[in-house]
Amino acid sequence: MYGGSPVVAVFTRRLSDDLTGLVKKIDDAVAKNSDKKMKAFVIYMSDEPDTAEAKLKGLASAQKIAKTPLTTFATAEGPDNYRISADADVTVLMWNKMKVTSNHAFGKDKLSDKDVEKVLADVTNLVK
């Protein structure tokens with residue numbers, strides 16, 4: 001999809017303030033690293049795709065997320081080929097040159113400010 005570019009993929013089953021903050025920071029990193037062709041996307045996995053899409057549009061508008069596509073997946077299980085843990089509310093995968101470099105999974109209400117900082121540190125390393 002993005003060739004050999006560094007990519008951050010966020011899979012979520014629930015929208016929260018912590019997730020919103022993380023996505024905004026990832027979007028900022030994409031903008032700052034356009035010279036390195038960094039890409040990112042968010043997939044909101046929901047059994048209610050119509051509602052999910054409206055929520056994502058509101059999030060993108062309120063947070064001015066411009067560089068990171070926000071999309072939905074029609075079931076809460078998520079895409080099979082990514083093997084998202086059923087216990088994870090938020091999963092952040094990163095890869096560069098088609099090789100996974102980082103995998104973070106967080107249970108319900110487990111994404112803390114400290115976790116966001118760890119993810120962002122990996123984002124920084126992704127584009128080095």
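In this predicted model, strand S4 (residues 90-96) runs antiparallel to S5, and the two are joined over seven bridges. As a reminder, strands of a sheet pair through backbone hydrogen bonds, in either a parallel or an antiparallel sense.

The S4-S5 pair belongs to an open sheet of five strands, and reading across the sheet gives the order S3-S2-S1-S4-S5, with mixed pairing. Strand S3 (70-73) and strand S5 (99-106) take the edge positions; each has a single partner strand, so one side of each lacks a neighbour in the sheet. From one strand to the next, the twist averages 20°. Helix H2 (residues 49-63) packs on this sheet, where it touches strand S2 (39-45) and S3. The direction of H2 makes about 165° with that of S3.

Attention now turns to helix H3 (residues 113-126). With 14 residues at 1.5 Å a residue, H3 should span 20 Å, and the 20 Å between its end C-alpha atoms agrees with this. Its buried residues are Asp 115, Val 116, Val 119, Leu 120, Val 123 and Leu 126. Viewed down the axis of H3, these buried residues fall within an arc of 135°, so they line one face of the helix. What do the buried residues of H3 pack against? Their partners are strand S1 (7-12), helix H1 (17-32), S4 and S5.

Key
Residues are numbered from 1 along each chain as its sequence is written. This is a predicted model: local features need pLDDT of at least 70, side-chain atom pairs count only at pLDDT 80 or more; totals for chains, interfaces and linings use all residues. Side-chain values use heavy atoms; hydrogens and water are left out. Two strands pair if DSSP finds at least two bridges between them. Helices (H or I, at least four residues) and strands (E, at least two) are DSSP runs, numbered from the N terminus. Axes are lines fitted to C-alpha atoms, for helices over the stretch in contact, and angles run from 0 to 180 degrees between N-to-C directions. Contact means heavy atoms within 4.5 Å. The expected span of a helix is 1.5 Å times one less than its number of residues. Buried means under 20% relative accessible area, exposed over 50%, partly exposed in between (1.4 Å probe, protein chains only). The arc is that of the directions from the helix axis to the C-beta atoms.
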